[in-house]
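This report goes through one chain, heading by heading. Please keep the sequence and the structure open while reading.

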Amino acid sequence: MTDAMKCPSCNSEHAYQDRDLWICPECGHEWSGTAEAAAADSAQDAGVRDANGNVLSDGDSVIVIKDLKIKGSSSVVKGGTKVRNIRLQDATDGHNIACKIDGIGAMNLKSEFVKKA
């Protein structure tokens, strides 16, 4: 089954076509198969974006916008911390930025919690 036939809202495989629309019986979402495919291609071309929608690239500097607890530690990355020389990576868990933070070390961040400096 192609991705155009899966519901973009709930990812259900039970979607069916009615004329030029696809319909999901589980969540009731309706979409055009060609419009969704074009939107998915443009979203992939857009790249990784920060919390404000700016496109990020390798080597950029970013600022953390909120306090982030570090899993397995009592340390916290404070909001306003500047992180230099980020590396973008493909991650299934959403942590798509690899970086080193002074005083903490190497870690991965989600792009939704940073803004471009």
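This is a predicted model: local features need pLDDT of at least 70, side-chain atom pairs count only at pLDDT 80 or more; totals for chains, interfaces and linings use all residues.

Is Cys27 buried, partly exposed or exposed? Cys27 is partly exposed, with a relative accessible area of 38%.

## Overall make-up

The chain contains one helix and 11 strands. Along the sequence, these elements follow the pattern β-β-β-α-β-β-β-β-β-β-β-β.

Of the 117 residues in the chain, 24% are buried. Among contacts between residues at least 6 apart in sequence, 35% join residues that are at least 24 apart.

## Cysteines

The structure holds zero disulfides. Cys24 is in no disulfide, and its nearest cysteine sulfur, that of Cys10, is 3.5 Å away. A disulfide would need the two sulfur atoms within 2.5 Å. Cys24 is buried, with a relative accessible area of 1%.

## The open sheet E7-E4-E11

Three strands make up an open sheet, in the order E7-E4-E11, with antiparallel pairing. Strand E7 (82–83) and strand E11 (114–116) are at the edges; each has a single partner strand, so one side of each lacks a neighbour in the sheet.

Strand E4 (residues 62–64) is joined to E7 by two bridges, and the two run antiparallel. Val62 has Val83 in E7 as its bridge partner.

## Strands E8, E9 and E10

E8 and E9 run antiparallel and are joined by two bridges. Within this pair, Leu88 stands opposite Ile97 in E9. On to the next strand, five bridges join E9 to E10, again with an antiparallel run. The bridge partner of Ile101 in E10 is Gly105.

E9 and E10 form a hairpin with three residues between them, and Gly103 in the turn has a positive phi of about 85°. Four of the five residues of E9 are buried, so E9 is largely enclosed by the rest of the structure.

## Asn96

Asn96 lies in the loop between strand E8 (87–88) and strand E9 (97–101). Which residues does Asn96 contact, leaving aside its neighbours within four places in sequence? The contacts are Val48, Arg87, Leu88, Gln89, Ala91, Leu109, Lys110 and Ser111. Asn96 is buried because its relative accessible area is 15%, and the limit for buried is under 20%.

## The largest pocket

The largest pocket holds about 280 Å³ of space. Its lining consists of Lys66, Leu68, Lys69, Ile70, Lys71, His95, Met107, Asn108, Leu109, Lys110 and Phe113. Strand E5 (68–69) and strand E10 (105–109) are the elements that give two or more residues to this lining. The largest share, three residues, comes from E10.

By residue class, the lining of the largest pocket divides into five nonpolar, two polar and four charged residues. Leu109 and Lys110 belong to this lining, and Leu109 and Lys110 are also among the contacts of Asn96.

Methods: Residues are numbered from 1 along each chain as its sequence is written. Side-chain values use heavy atoms; hydrogens and water are left out. Buried means under 20% relative accessible area, exposed over 50%, partly exposed in between (1.4 Å probe, protein chains only). Contact means heavy atoms within 4.5 Å. On a 1 Å grid over the protein atoms alone, a cavity is a set of points where a 1.4 Å probe fits but cannot get out, and a pocket is an open set with protein on both sides within 12 Å along at least five of seven lines; lining residues have an atom within 4 Å of a point. Grid points are joined across faces, edges and corners, and a volume is the space filled by probe spheres set on the points. Ala, Val, Leu, Ile, Met, Phe, Trp, Tyr, Cys and Pro count as nonpolar, Asp, Glu, Lys and Arg as charged, and the others, Gly among them, as polar. Two strands pair if DSSP finds at least two bridges between them.
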